[in-house]
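Here is a short briefing on how two chains of a complex meet. Look at the structure first, then read the points below.

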Amino acid sequence: MKDLMQQLINGLALGSIYALIALGYTMVYGIISLINFAYGEIYMFGAFTGLILAATYKTNVVVALLGGMMLSLVLGVLIERVAYKPLRRSSRLSALISTIGVSIFLSTLMVLLKGPNTQGFPKLFENKVYAIGNFQITIYQIVIIGVAAFLMLALHLFVTYTRTGRAMRATAQDQDAAGLMGVNIDRIIATTFAIGSSLAGAAGVLAGIYFNAVQPYMGTMAGLKAFAAAVLGGIGSIPGAMLGGLMIGLLEVLSVTVNLSEYKDAFAFGILILVLLVKPSGIMGQKINKKV
Amino acid sequence: MRNIKNNWLVQVIGFVLVLIMTGLTAQGLSRIMPPYYLQIGFFIGINVIMALGLNLIAGATGQLSLGHSAFMSIGAYASAIATVTLHLPFPVGILLGGLAACLFGIVIGFPTLRLSGDYLAIATLGFAEIVRVIFTNMQITGGAIGFLGIKNLTTFPVIMILTVAMIAVMMWLENSRNGRAMLAVREDEIAAESVGVNITWYKIQAFAIGSFCAGVGGALFAHTTTFIQPTDFGFMKSIEFLNMVVLGGLGSIPGTIIGSVVLTTAPEFLRFMANYRMLVYGLLLIIMMIFRPHGLLGGFNFRQAISRALFLGRRIRQGAKV
Amino acid sequence: MNILELQNVTISFGGLTAVDKLDIQVKSGEILSLIGPNGAGKSTVFNLITGLYKPSDGAILFQSEALTGSPPYRIAKKGITRTFQSIRLFSELSVLHNVLIGTHVLGQAGLFHSIIRSPLMHSEEKELREKAMAALDFLGLADKEHEKAKNLSYGEQRRLEIARALVSNPKILLLDEPAAGMNPFEKTVLMDIIRKIRDTGVTIFLVEHDMTLVMGISERIVVLDYGKKIAEGSPVKIRQNDSVIEAYLGSGQFRSRIRRKETGAC
Amino acid sequence: MFKPNRKVLVSLGVILSLLLIVTGCGGQSGTAGQTGTTETKEPIKIGFLGAKTGNTAIYGLGNLKGIKFAVDELNQKGGILGHQVQLIEDDDVGAKDQAINITNKFITQDKVNAIIGDPLTGLTRVAGQIANSKNTVIMSAGCTGPNVVEIGPYVFRDTLLDSVAAPATMKYIIQEKGWKKIAMIISKNSDYSVGVSAVFKQAIEANGGSVIDEEYIQDGDTDFSAQVTKIKAANPDVIVFGGYYTEAALIMKKVREVGMKDIAMVGGDGLQSEDLVKIGGSAVDGVISFAGFSPEQPTPTTQKFMDAFKAKNNELPDLFAANGYDAMMIIAKAMTDANSADPVKFKDTLAQTKNYEGVSGTITFKANHEVIKSPVYLLQVKDGKFELLKKVPVALN
C-alpha cells in the first residue's frame with residue numbers, strides 16, 4: 001500500500017510531463033487536424049535549450065525554463081511557416097509527411113550539434129525529499145507537478161476567457177465560418193503552434209531536470225506517447241489531454257508495480273486501443289455526428 | 001464465353017511466361033551485376049512489395065496505417081520459425097509469413113477499422129508498438145537478442161518473380177469490382193454504402209492483402225539479412241514505407257514503385273554527404289511535399305500515358321485509373 | 001401496392017425531434033414528392049430510409065419487409081438507391097468508374113476472381129461495363145466517360161449521381177433535390193429523365209424545392225413541416241391546401257428561421 | 001478486355017526500368033576519409049561500418065573517433081608497409097539493410113582490405129556473413145554477443161567478452177564482498193543487456209547468491225522511479241545492472257534520491273565511460289564494473305593513448321574509442337607481420353595474435369579466433385573516477 005502511494009506520486013510526475021506535451025498535440029489537432037510528428041523534437045529542443053542555458057550560462061531554473069519555452073515557441077512558429085503553411089490546402093497526409101521530414105531533420109541536426117550522447121542536466125537547485133506519512137515526495141516532483149498544473153490552468157483560462165482563446169475555439173469548430181466572422185485564421189494557427197510548442201519546451205526542460213538526461217532522440221517516444229495520451233483523453237479537448245497524460249503516466253508506473261514493466265509500452269498503447277474501441281472519440285472527446 | 005476462356009488461358013500462360021522470363025533475367029543479372037548493385041536490387045524488390053501492400057491500404061482504400069512494419073515483423077518471424085525451427089522449405093516459409101501477417105491484419109482490422117482517419121492511424125501505431133514489445137519479450141523469437149541462424153535463402157530471381165507477380169496482382173485488383181469498391185471507400189464512405197458497398201468488408205480485404213504483402217516482404221527480408229531483431233521493425237520503418245507510397249503518389253501503383261526505388265536508393269546516392277545525409281533526407285521530404293504534394297506521379301495517369309505511347313490511336317476502354 | 005412504407009417513424013437529435021411520428025406510403029411505380037420548408041426534415045427521411053440514421057421509434061417497411069436496423073449497403077442491395085443533396089461523387093475517379101461502382105451489387109466476382117482474373121470475372125466485367133455505358137448513355141454522359149467526376153459541370157454531376165444510383169436496377173430511386181443548381185433547360189431535361197426512369201418500372205421518391213418540377217411530374221405529394229406530415233395528396237390538392245400555404249407563405253420559406261443543423265445538413 | 005500482349009509489354013517495361021535504375025546506380029560512389037600526404041603507392045583501405053546518426057550513433061561515433069585517431073597515427077609513421085591508410089566511413093544508421101549494402105559496397109566497389117565494425121552484435125552478424133563469404137576481414141570493436149566469430153575465419157572482434165568477465169565479477173561481489181541478496185535490472189530491448197544479464201544470473205546462482213528482485217527497463221528510458229521504488233522495498237545488498245552507462249547513471253541518481261545511500265551497482269564494461277560520472281555525478285560513487293583496462297592504473301600504452309587522445313579530441317576516450325583504436329592497430333600489425341594487406345593472407349597472422357598489449361587491454365585470439373582479454377579489471381567509481389579494485393587473470397583457453 002505504501003508502495004502503491006509512492007508509485008502514484010511517481011506516476012503523477014511522469015504523467016504531468018506527458019500531459020504538457022499532449023496539450024500541444026491536442027490544440028494543433030483540434031484546429032487543423034494535423035498530427036504534428038515534429039512535436040517530440042520541439043520538446044527535445046526545449047530540453048537542450050534549458051540544458052545549454054543552465055550548463056553554459058549558469059542561469060537559474062526560471063530563466064532556463066522560460067528560455068526553453070521561448071526557443072520552442074520560435075521553433076514551433078518556424079515549423080508552421082516552413083513545413084505546414086504551404087501545405088494547408090494539400091492533403092492531410094502530405095502535411096503529415098512534411099512534419100516527419102521536420103522531425104528527422106531536427107533530430108539529426110541536434111546529433112550534429114551536440115553529439116548523440118545522453119547529457120546530464122546540471123543541478124539547478126538542491127533536491128530535497130519530503131516524507132509525508134508513509135511515502136516520499138521530492139522537490140523535483142513537486143516542482144514538475146506544480147509547474148505543469150500552473151501551465152495547464154493558465155492555458156485553460158486563456159482559451160476560455162480571452163479573445164484569442166475564443167477565436168481559437170471558433171476556428172476549431174469551423175475554420176471557414178470563423179474566417180468569415182473576421183478571425184485571422186493564419187494568426188490563430190500560428191498562435192496555436194506557438195502556445196503548443198512553448199508547452200512542449202517547458203515539458204522538455206522539466207523532463208531534463210527530473211530525468212536528468214537529455215538526448216537528441218528523446219522526443220520520438222515521448223511524442224508518440226503524448227500523442228497517445230491526447231487521443232486517449234479525447235483529441236481536441238484540453239482537459240482530456242491532461243487526463244490522458246496522467247493516465248498514461250500512471251499506467252506505465254503501475255505496470256512496473258505489477259511486475260510487467262517489460263510490457264510497459266504495450267500497456268500504454270493497449271489501453272489506448274481499448275478506449276478507442278469502446279469510445280472512438282476518446283474519454284472526454286465529443287461524439288462527432290456522421291455528417292451526411 | 002468460349003472466347004473469353006481461351007483468352008484467359010492465353011493470359012495465364014502469358015503471365016507464367018513473363019514470370020519465367022523474369023526469373024531467368026534475374027538469374028542472369030545476378031551473375032553479371034556487381035554484388036553491391038545486386039544487393040540494392042534485393043532491397044528495392046522487398047520494399048516495392050512492402051510499399052504496394054501499404055498503398056492498397058492507405059492509397060487505394062484510404063485507411064492510414066502507421067503499423068506496416070509490425071506486419072512485416074510478423075511475416076519475418078513466422079517465416080523464420082517455419083524454415084529454421086520447423087525445417088520447412090523456403091517457399092512454404094514465405095507463404096506462411098504472408099498468411100500469418102494476413103491473419104493478424106484481419107484480427108486487428110476487424111475492430112479497429114471501425115475507427116476513422118487519424119484514430120485508425122494511432123490505433124495501428126499502437127498495435128505496431130505492442131507487437132514489437134511482444135517480440136522483444138518472446139522466447140521463441142529470441143527476444144531482444146534476436147532470431148539467429150536464418151539461412152540466406154532469398155535469391156534475386158525469387159525476389160524479382162514475387163515483385164513482378166505482386167505488381168501484376170495489384171494492377172489487376174485495381175481494375176476489378178473489388179478494387180473499385182476499395183477506391184469508393186477511399187473517396188466517400190457514405191456514397192459507397194449507398195450503392196451497396198460494404199465498407200468494413202472492403203477495408204478488411206485491403207488490410208488482409210496489404211498485410212499479406214508485408215508478411216511476404218518480411219519473409220524475404222529475414223532470409224536476406226539472416227538475422228532479425230525486434231528493433232529492425234520500429235516505428236520509423238513504418239514511416240519509411242509510408243514515405244515511399246506518398247512520395248510516389250498516393251494510390252498510384254507506378255508511383256509507389258518509383259517511390260520505393262527512389263527511397264531505397266536515396267541513402268546510397270546521398271552517401272557522399274556523410275553526416276549530413278539524414279539532414280538532407282528530412283529536408284527533401286519537406287521540399288517534396290511542398291512542391292509536389294501529390295507525389296512524384298501525382299495526377300499523372302501512367303496507364304493512359306503508356307497505352308498512348310504503345311498503342312497510338314487505339315482507344316482503351318479500360319478507363320482512367322486513379 | 002405499397003413498395004415502401006414508413007410507419008410512425010420518429011427520430012430526435014439531442015432533444016430536437018427532427019421527424020415526428022411520420023407515416024408515408026410509397027406506391028409501386030409512382031412518382032412521389034416530399035416537400036416542405038427548409039429544415040422540415042426531408043433529407044432526414046431519406047437518411048432514415050437508407051439506413052444512415054436509425055429511427056428512435058417506428059418502422060420502415062420495404063416490400064412489406066422491415067428495413068429498420070439494416071446497414072446502408074444492405075438496403076442498397078435490396079433495391080433502394082439514392083442521390084444526395086450535396087453531391088457525393090467519387091470525385092477523383094472517372095465518370096465511368098463512378099457508374100461501375102454503382103454496379104457493385106450486380107456483380108458476383110469476389111476477391112479470388114479479381115486476383116486471378118478468372119473467366120467469370122471477365123464476362124461479368126464485360127456485362128457491367130456495358131450496363132454502365134448504357135446508363136451513361138441514358139443520362140447523356142457517354143462522351144465524358146474518361147473525365148474525372150470532379151471536372152464535370154454541376155448539372156452533369158447531378159446526372160452522374162443519378163446514373164450511379166440507377167445502374168444497379170433499383171426498385172425505388174430516392175432523389176434528393178436533383179434540380180438544385182440546374183438551369184431551366186437542364187431542369188426540363190431532368191423532368192424528362194425522371195419520367196423515363198419511372199416508365200422502366202422504377203418507383204421515384206423525390207425531395208425537391210423547385211415547385212415547377214414538383215408540380216410538373218409528381219403524382220402525389222407529401223408535405224412536411226417541423227418533421228410532421230401536414231398534408232398529402234395530388235399536386236392540385238396540395239396547391240389548395242391551407243396548411244401548406246401557411247407553412248410556405250405564412251411562416252415558411254422566407255421567414256428567417258433557425259436552421260436545424262442536423263436535419264438541414266445533408 | 002485486357003490484352004495479353006499489352007500486359008507482357010507493361011511487365012517487361014517495369015522490369016526494364018527496374019534494371020535500368022539498378023544498373024544506373026553506377027557511377028560515382030561517395031567516399032569520405034583522409035588520404036595521406038604522399039601518395040606514392042595505392043593506399044590500404046579500411047572501411048568503417050557503424051551508425052553515425054540514429055539511436056545507436058553513440059557507439060558508432062565512439063568507435064570512429066578511436067579508429068580515426070589510429071589511422072592518423074599510422075599515417076604519420078608512414079602508413080602500413082609503406083602504404084598510406086585510407087579510411088572510408090559509411091553510416092548504416094543501425095539498420096541491417098543499410099549495413100548489408102555498405103558491406104557489399106566496401107568489398108566490391110571500394111575494394112577495402114578490412115572492415116572495422118559494426119559495434120552492435122546484430123549488425124556484425126549480418127555484415128560478417130557477407131565479409132566472410134567474400135574473403136574480407138571484418139573486426140567488430142564493440143560486439144559481445146554469441147554466434148559472431150563462428151561465422152567464419154574472416155570474422156573477428158576485440159572486445160572483452162561477457163562470458164569471461166561476468167562470472168569473475170559475480171564471484172568477487174558474492175564471495176569477497178558478501179553481497180548475496182541481489183536485485184537485477186535488465187534492459188529488455190537491448191540485446192547486450194539481455195545477453196550479459198543471462199551470464200550474470202548464471203554466475204550468481206553458481207556462486208551462491210540469489211536474485212531477490214528483477215526489474216526491467218528499456219534503453220532510452222529516463223524515468224526509473226517505479227523500478228527503484230520496488231528495489232528499495234526488496235532491500236537488496238547490491239544492484240546488478242548489465243547495460244550501458246546512460247541508464248546506469250540515471251538509475252543511480254534515482255536510487256540515491258529515494259534514500260538508498262550506500263548500495264552499489266555492479267555492471268559490465270557498458271558502464272565504463274566518462275559520461276557515467278558526467279550524468280550521474282556523486283550518485284554513481286561506488287559503482288563497480290568489469291573492464292579490459294583500467295584508466296586509473298593504466299599500462300604505459302593506455303596512458304599514452306589517453307593523453308594523446310585527450311590532447312586531440314579534448315575528451316577522454318570511451319570504451320568504444322579504445323576498442324576502435326585497438327582494432328585498427330591489430331589489423332595494421334597483422335598486415336605488417338604478414339607483409340601483405342591481402343585479407344586471405346593476413347587473416348591467419350591476425351588469428352595468431354597473442355598477448356597483444358592494446359589500449360583496451362591485453363588481447364589474445366584463441367584457436368577458434370575468439371578474443372580473450374586478460375586480465376579482467378574490476379573498477380570502482382570513487383570521487384568521480386574509475387579506480388582499480390582488483391585484477392583477475394583469465395585462462396587463455
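In this predicted model, E125(C) and R180(B) form a salt bridge. Their closest N and O atoms lie 2.8 Å apart. The interface of chain B and chain C holds 2 salt bridges by the rule used.

**Polar contacts**
- The rule also finds 14 residue pairs in polar contact across the interface of chain B and chain C, with both residues at pLDDT 80 or more.

**What chain B brings to the interface**
- Five helices of chain B each give at least two residues to the side that touches chain C: α1 (2-32), α6 (156-174), α7 (177-187), α8 (189-194) and α9 (199-225).
- α7(B) supplies the largest share of that side, 8 residues.
- By class, the side of chain B that touches chain C has 19 nonpolar, 11 polar and 9 charged residues.

**Extent of the interface**
- On chain B, 39 residues are in contact with 44 residues of chain C.
- The two chains, B and C, bury about 3800 Å² between them. Carbon and sulfur atoms account for 60% of that area.
- Within chain B, the most area is lost to chain C by R177(B), R180(B) and V195(B). Together they make up 20% of what that side buries.

**A residue in α6 of chain B**
- M171(B) sits in helix α6 of chain B.
- M171(B) counts as buried because its relative accessible area is 18%, and the cut-off is under 20%.
- M171(B) and I253(B) are 82 residues apart along the chain, yet 7.3 Å separates their C-alpha atoms.

Notes
Residues numbered from 1 in each chain as written. Chains lettered and ligands numbered in written order. Predicted model: local features only at pLDDT ≥ 70, side-chain atom pairs only at ≥ 80, totals over all residues. Heavy atoms only, no water. Contact = heavy atoms within 4.5 Å. Buried area = accessible area lost by both parts, 1.4 Å probe. Salt bridge = Lys/Arg side-chain N within 4 Å of Asp/Glu carboxyl O. Polar contact = N/O pair within 3.5 Å; in protein donor to acceptor, adjacent residues only side chain to side chain. Helix = DSSP H or I, 4+ residues; strand = E, 2+ residues; numbered from the N terminus. Nonpolar A, V, L, I, M, F, W, Y, C, P; charged D, E, K, R; others polar. Buried < 20%, exposed > 50% of the residue type's maximum accessible area, 1.4 Å probe, protein only.
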